[in-house]
Amino acid sequence: MSVVRQDLSTKDWTIFATERAKRPKDECKVVEKRQIKDEYVKSCPFCKGNERMTPKEVFSIKEEGSWKIRVVPNKFPALKLKKEYDGTIDRHINDGYLYMDGVGSHEVIIESPKHNDDLATLRLEQVEEVMLTYRQRFIELSKNDDYQLIVIFRNHGIRAGTSLEHPHSQLVATPFVPCYVRNKLFESQRYFDDLGRCVFCDMIKYELKDNERMICENEDFVAFAPYASVVSYNVIILPKKHESCFVDVSEKDVRSLASILRLILQKLYYLLDDPDYNYVIDSSPIDKSGERHYHWHLKILPRLTTRAGFEIGSGVNINTILPEDCAKSLREIKI
Ligand SMILES: [Zn+2]
Ligand SMILES: [Zn+2]
């Protein structure tokens, strides 16, 4: 018997059809084993020694003269800095349709000089520096009045849409707030209007009490499998302190985030044999810093299956493993 669950914060539905995990799919199974990688790859623009292959860096963390983390503009950006092509954020109408210049920032955060490093296996200190870099770039770009939303994300593996395997994350700043984000803000606002509380703070309370979907916690963060997980092994990491925008996160908290994120990535790495995944820092738009109804978080979505026709047609995901079972496996795996 399948069950359909609703996410408290977005009102999105997910179908849990655990029977579907047993359906025959051998003939179209994709066998992909990660290969042993070299520390340096001549053609990789992110490897140490190949710095000339990227645009000029905008930020770096160095140790004894050599870089540990570098941030560079994306060479093939989705959105481009205004100064580079005289763009504007003015909206125009053409035959009734709205358009604007592709103004924005698209940066790459190179997480290590070594090609064969991985966030799951890096030392804690290096993961902390990646998170501190996220914070520095977020704060820096939030000063630009043209930008409304900043999205920091990491694509790991081909199924997650990565085009370069060197460990890196990305950041995109947009001069508009997309409908997808507006809808999430609207639903959390509605919850706040009805109950006078932040929906995410409530979720933390429920999960800590119920414990069934909890994976781990530290002083500042909780990590659990969401009640209406959109994919198997979906994990959400939430700060215990209510904070709507990532721009407000403290240096201490960002170090604490590094510690819990690293632990979750390690658990996924060992439990699921280094799965492809996306993670995203889901923050309120910049001008919504201090909102009482939204609560920033980091969500991890392993890419064990691909969205198919039903998901595209309905916006409803079909998940074959209950979050209670995913959380149990993630809790129990020892690092
Ligand atoms: Zn490389
Ligand atoms: Zn909250």
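The largest cavity is lined by D118, A120, H156, L265, L268, Y269, D274, P275 and Y277. A cavity is a set of points on a 1 Å grid over the protein atoms alone where a 1.4 Å probe fits but cannot get out, and lining residues have an atom within 4 Å of a point. The model is predicted; local features need pLDDT of at least 70 and side-chain atom pairs pLDDT 80 or more, while totals for chains, interfaces and linings use all residues. Residues are numbered from 1 along each chain, chains are lettered from A and ligands numbered from 1 as written, and side-chain values use heavy atoms, without hydrogens and water.

The volume of the largest cavity is about 40 Å³. Six lining residues are nonpolar, one is polar and two are charged. Helix α5 (residues 251-272) gives the largest share, three residues.

Donors are N, O and S atoms within 2.8 Å of the metal (3.2 Å for Na, K and Ca). C44 and C47 are both buried, that is, under 20% relative accessible area with a 1.4 Å probe, protein chains only.

The zinc ion (ligand 2) is coordinated by C198 (SG), C201 (SG), H242 (ND1) and H295 (ND1), at 2.0 to 2.3 Å. Angles of 105 to 112° make this arrangement tetrahedral. The donor residues are spaced C-x2-C-x40-H-x52-H. C198 and H295 are both buried.

Methods. Buried < 20%, exposed > 50% of the residue type's maximum accessible area, 1.4 Å probe, protein only. Tetrahedral: all angles 85-135°; square planar, octahedral: opposite > 155°, others 65-115°. 1 Å grid on protein atoms, 1.4 Å probe; cavity = no way out; pocket = protein on both sides within 12 Å on 5 of 7 lines; lining within 4 Å. Points joined across faces, edges and corners; volume = space filled by probe spheres on them. Helix = DSSP H or I, 4+ residues; strand = E, 2+ residues; numbered from the N terminus. Nonpolar A, V, L, I, M, F, W, Y, C, P; charged D, E, K, R; others polar.
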